[in-house]
Structures are given as structure tokens and as C-alpha cells.
Amino acid sequence: MPFTFPLFCVRLARCLQRSLCGFRVVVAAGVCCLVPIGCSPRPSEPAAAPQTTEQPAPLSVSESSDAVTLPVLCYHVIEDEPKSVWSLSTEHFKAHIGYLAENGYRTVSLEDVTLWLDGDGRLPQKSVLITFDDWDKSHYEIAFPILKRAGFTGTFNIISSRAADARSIARLKEMIDHGCSIASHSISHKSLIGMKPSLLQNELQQSKADLESRLAVEISYFCYPYGFYDKAVIGAIEDAGYRGAFITVPGVNSRNTEHCELRRLLIQKDWDVGYLDHLLARDPVLFRAFYNHQAQQFLNSRMYHIVEVIIGELEALEPDAAAASKWRDRLDKARNKSGG
Ligand SMILES: [Zn+2]
């Protein structure tokens, strides 16, 4: 699981859902919220997941795949009554999948993503990769049937030590047979930053080898535990033979995105279908709040490379705004202070 987003992000969601056309930011008593201004209400009735095929339909590809961007959603636990910030209700999850299906989104596999990133394949115009982290029983028992009913597939980022039992292996194989993809999320789920090289190598290579031998599929993607990584970890990922890796900085991916820094949209408790709509539309108010929050967290943790990535996203989001240069100054000061 990654860094926790603050409660204000949930409040942002609720406020965003109420408005279609504009917001102003209000900061009071240390709590940031968005107030809709002069707008008609956004319809927020969750869409029901359509009943469609049991198998994902073949992809119909875009004519201009260079222009396609790929949002990657990230879920953790799906349950009727969410118990943690990383848990989403079954009702909200069904609504998310219904929204994606009704709005013409098509799920893609990691194999499709590799071909697209390498320039050898195309993706549908409205593609989405739906990822699930850690390996929880709800992935198979709740999420998978909902995905199947919509004709969708998922990508499961597996902590290999949690999926060594016969039942997990059988469930993962069934999901693979349906078209789902599997990636490694390490053996132990420890932070990889500063890890002794032999241990780091083991986390990356052994989890890959274990999943490949258990599931008889190639494991080509990695998901950084907690979203923590640096340049040394990226180097180790490449040395271990991975084609790409997922981070927790929000954004959408293009063919130009670094393969070992694929952005994702993390879903949290109470984030309903209205919130999903704003995430996929890359609402600048919402994303600015994400980036400012994450930049502070990663700066505090001295994960300067990730702060650089966030600054790049801020610059792309709002080229003329001062936020990126503010964080650039803070990053330079922090680096000078720490000697690196
Ligand atoms: Zn995790």
C-alpha cells in the first residue's frame, strides 16, 4: 500500500462531484476544500455494471495510437463495508466498472501495454488498465466476477509471499485464463529504497521467478511497494528483466512515459463514480491538490527523484503556474541541505 492521502482529498471528491463547471479553493483551519461556484449539479447516480460477455471482447484499436493516453487505476481491497482508507465499497466498485463500460472504455492487458510502449502495437482510443495491489481475497471473490460481467480484465500486482498457497495459485490461474495480467509487487512488501543490493535483487528476481514458475506466465512488470523508488531501484528493476513498473504519482501515460515510472490513479475509500469521472478527466484542481500533497510527503521523506517526477507532472498540468517552480526551489534547498 502507498502513502496515505489526507482526508481533504476525500472532501475534494465530494465537493467535485457536486459541480460541473468551476471551483474555487477555500483553505480554512488547515483544511483544504473545494467549493463549487455557479454550476448545475452533476448527476451522481452510480451506473450499474452492465451484464455482458463472460470473456473480454477483442480489442478494436485506434488509428493514431501515438495520441492515445493510458490511465491506470489502482484498487486495493473491495468490500461491502470499507475498513481502511485503501478499501472501496463493492457498491462503488460496481459503479466504477459500470461507468467505464458505459463510457466506452476498454481494458487492456500488460502484453498490450508492452507492445504499445515499444511502438509495435496500438491501443483502443479509450483504454484503461485496472490494477489491484497486494493480493487480497476480495480481488478474486468480489472484483473478478464484476470485471467478468462487464467483459473486462484486471492486472493483479502480487506480493509473492502472499500467493504461494494452492488456492491462490488456482485463483490466479483462473484469472489469467480469462485474460487478466499478473505483475510482481515484491516478496515481502518492504520499501526497496536503501535496501542492501543482494536483498533488493532477491525481492525483484525471486518474486519474478516464483510467480513465473507457479503461474506459467512471464512476469514483465513490477509495482513498487508503497510507491517508493529511486534511480538505483529503477536500475535494479531493469537488471532483473522487467519491462516496466508502476508508481503512485497520479497522471496518465503516453508512449513517452518512462516505462519504469508508469503513473497511476489511486482509488480510496468513498471515492464514488463522480470522483472517478474527475480523475479520468484529469481535473486540474484535483490533480494540483494531489501533486502538492505528494510533493510535500516525498520531500519530507527525502525521495527527491519522485519529487522531480511530481514537478514534471505539475509543469505539464499548468505550464504557466508558479507551483512547479515553488517545488523546484524547495527541492533544490532540501538537496543542498542534505548534500545531495
Ligand atoms: Zn502494496
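In the predicted model, helix H10 (residues 304–317) and helix H11 (residues 323–338) pack with their axes 9 Å apart and at an angle of about 165°. Here helices (H or I, at least four residues) and strands (E, at least two) are DSSP runs numbered from the N terminus. Axes are lines fitted to C-alpha atoms, for helices over the stretch in contact, and angles run from 0 to 180 degrees between N-to-C directions. H10 and H11 are therefore roughly antiparallel to each other, since angles over 145 degrees count as roughly antiparallel, under 35 as roughly parallel, 65 to 115 as roughly perpendicular and the rest as oblique. The contact is made by Tyr304, Val307, Ile311, Leu314 and Glu315 of H10 and by Ala323, Ala324, Trp327, Arg328, Leu331, Ala334 and Arg335 of H11; two residues are in contact if their C-beta atoms, placed from the backbone, lie within 7 Å.

Residues are numbered from 1 along each chain as its sequence is written. The model is predicted, and local features need pLDDT of at least 70, side-chain atom pairs count only at pLDDT 80 or more, and totals for chains, interfaces and linings use all residues.

The chain contains eleven helices and twelve strands. Of its 340 residues, 42% count as buried; a residue is buried if 20 or more other C-beta atoms lie within 10 Å of its own, exposed if 12 or fewer, and partly exposed in between, with C-beta atoms placed from the backbone. Among contacts between residues at least 6 apart in sequence, 66% join residues at least 24 apart.

H10 has 14 residues and reaches 20 Å from its first C-alpha to its last, close to the 20 Å expected at 1.5 Å a residue. The expected span of a helix is 1.5 Å times one less than its number of residues. The buried residues of H10 are Ile306, Val307, Val309, Ile310, Ile311, Glu313 and Leu314, and these pack against H9 and H11. Ile310 also belongs to the largest nonpolar core, which has 88 residues; together with Phe222, Tyr224, Ile237 and Ala245, Ile310 is among those that touch the most other members. The largest share of this core, seven residues, comes from helix H9 (residues 284–300). A nonpolar core is a set of buried Ala, Val, Leu, Ile, Met, Phe, Trp, Tyr and Cys residues joined through C-beta atoms within 7 Å. In soluble globular proteins, nonpolar side chains tend to be buried together. Neighbours within four places in sequence aside, Ile310 is in contact with Val249, Tyr291, Gln294, Ala295 and Phe298.

Ala95, His96 and Tyr99 in H2 meet Val273, Leu276 and Asp277 in H8. Glu91 also has its place in helix H2 (residues 90–102). Glu91 is partly exposed, because 13 other C-beta atoms lie within 10 Å. Asp80 is eleven residues from Glu91 in sequence, and the two are 7.2 Å apart in space, C-alpha to C-alpha.

Helix H6 (residues 197–215) has 19 residues and reaches 27 Å from its first C-alpha to its last, close to the 27 Å expected at 1.5 Å a residue. Its buried residues are Leu200, Glu203, Leu204, Ser207, Lys208 and Leu211. The buried residues of H6 pack against strand S8 (155–158), strand S9 (181–184), strand S10 (221–223) and helix H7 (231–239).

Positive phi values were also examined. Just after H6, Ala216 takes a positive phi of about 55°. Ala216 is found in the loop between H6 and S10 and counts as exposed, because it has 9 C-beta neighbours inside 10 Å. Ala216 and Ile176 are 40 residues apart in sequence and 9.9 Å apart in space, C-alpha to C-alpha. Ser186, in the loop between S9 and H6, has a positive phi of about 80° although it is not a glycine. Ser186 is buried, with 24 other C-beta atoms within 10 Å. Asp134, likewise not a glycine, has a positive phi of about 90° and lies in strand S7 (residues 127–134). Asp134 counts as buried, because it has 20 C-beta neighbours inside 10 Å.
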